[in-house]
Amino acid sequence: MSKVLVTRAVFPESIESLGKRFEVVTNPDDTPWSPDQIAEKLAGCSAAMSTVLCKFDESVFARNPQLKVVSNIAVGYNNIDVAAATKRGIRVTNTPGVLDDTTADLTWALLMAAARRIAEADAWVRRGDWKVAFGMHSFLGNDVHHATLGIIGMGRIGQAIARRALGFDMTVLYNNRTRLAESDEKRCNATLVDRDTLLAKSDFVVVMAPYSPATHHLIGAAELAKMKPTAILVNTARGGVVDDAALVEALRERRIAGAGLDVFEGEPKLNAAYLALPNVVLTPHIGSATRATRVTMCETAIANLTAVLDGRAPPNLVNKDVI
Ligand code: GLV
C-alpha cells in the first residue's frame, strides 16, 4: 500500500478518504515542519499533501527518491521548488478554481474594512470609547461605490474580484501579462491599462499576482509613490509581492490612505510596525478559509495525488514538462 504524508492537520473526512486507499502519515500536532523535518517524515512515502508554508526544496527531493508527487492544498505553489521536482520526475499539483470566489470575497471584506475603517471602529467601541452619540466626523472613510478599482493580476481570482465591483458601479482597470478575451473583459467590465496608469488612477489597488522572483516586491516604494494619497492597497495574493517595509512607511506617512492585508513577507512573523498603524486591516492568510472551500481544496488535492499514484494524469498538474 502506498504511503502518503499529510504535512499539516486537515479534516477528519480527508484523512478517512485517503485512508481507504493509502497508508497515511499525519502531523497530529499541526506543527509547521522545516524542510529537514519534512524530508525525514517523508521516508517511504510516495506522495505528500502539503499546505502553502511547507517548504519542499531540493534537499527534500534528494533525500526522498521514492517521492512521486507533491500535492499542494493551495492554488499557489511558491513553497515548492518546482524546477527541482521536475528534474527528478516528481509531479507537483495544486487546487485552482475551487477557491476563486471565497478568496474574492475575502479580498472585498478587506477592501471594505479598510475603506470604512471597520476594524478601527470595532476596537474603539469595544474599548468603551463611544461616549457621545453620532459624531459628524466619526470614522470618516472612503466611498467604495463609483470609485475606481485597479487589479494587478487578472487570473480567475482577479476576475472574480472584478465581477463583484459591478454591484458598486465601479470603474475597473486591470494590469496583466496578457489581455483577457473580449468576452471576459465585458463580463468584468474591465479595461486593460499599464501598471503606472492603474496605480495613478485607482482608488483601490488590489494585488492578485502569484509570488515568483519576477513578482518579488512588485509593489515597492516607487509604486506606492505613484498611488493617490487617498488610495487603499489590498494584498490577498502572497507575501513578498508587496514590500512590507515600504508599505509601512507609506501608511505611516499617510502617503496612501490605508491597506488591507492577508499575506505577509515571512508570515506568521509579520513586520511589527503594522501592529501600531490604525490604517491597516490585518488578517492571518485566510483568503480561502471557509469550511466548504477548504474541504473542497483537500478533496481536489486528494484527487490529484491519487491520479499520480494510479499512473494517471492528475487534473491539476503544475509542472507540465515533467517526464
Ligand atoms: C493560498 O494561499 C493558496 O495559494 O491557495
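This is a predicted model: local features need pLDDT of at least 70, side-chain atom pairs count only at pLDDT 80 or more; totals for chains, interfaces and linings use all residues.
How do α5 and α7 lie relative to each other, oblique or roughly parallel? Residues are numbered from 1 along each chain as its sequence is written, and side-chain values use heavy atoms, with hydrogens and water left out.

**View 1. Helix α5 against helix α7.** Helix α5 covers residues 100–115 and helix α7 residues 156–165; their axes come within 8 Å and cross at roughly 55°. (Helices are DSSP runs of H or I, at least four residues; strands are runs of E, at least two; both are numbered from the N terminus. Axes are lines fitted to C-alpha atoms, for helices over the stretch in contact, with angles from 0 to 180 degrees between N-to-C directions.) So α5 and α7 are oblique to each other (under 35 degrees is roughly parallel, over 145 roughly antiparallel, 65 to 115 roughly perpendicular, and the rest oblique). Asp100, Asp101 and Trp108 are among the α5 residues in contact, and Arg156, Ile157 and Arg164 among those from α7 (contact means heavy atoms within 4.5 Å). Sorted by class, the contact has six nonpolar, two polar and six charged residues (Ala, Val, Leu, Ile, Met, Phe, Trp, Tyr, Cys and Pro are nonpolar; Asp, Glu, Lys and Arg charged; the others, Gly among them, polar).

**View 2. Helix α1 alongside helix α12.** Here the axes of α1 (residues 12–19) and α12 (residues 291–309) come within 10 Å and cross at roughly 15°, so the two helices are roughly parallel. On the α1 side, Glu13, Ser14, Ser17 and Leu18 make the contact, and α12 brings Arg291, Val295, Cys298, Ile302 and Leu305. That gives five nonpolar, two polar and two charged residues.

**View 3. Around the ligand.** Gly76 uses a backbone N or O atom, 2.8 Å from a ligand oxygen. From the side chains, a polar atom of Arg238 sits 2.7 Å from an oxygen atom of the ligand, and an N or O atom of His285 is 2.6 Å from a ligand oxygen.

**View 4. Two loop details.** The Glu267 to Pro268 peptide bond is cis, with omega near 15°, and Pro268 lies in the loop between β11 (258–261) and β12 (280–282). His146 isn't a glycine, yet has a positive phi of about 65°; look for His146 in the loop between α6 (118–126) and β6 (148–152).

How values were computed:
A polar contact is a pair of N or O atoms within 3.5 Å; within protein, one must be able to donate a hydrogen and the other to accept it, and residues adjacent in sequence count only if both atoms are side-chain atoms.
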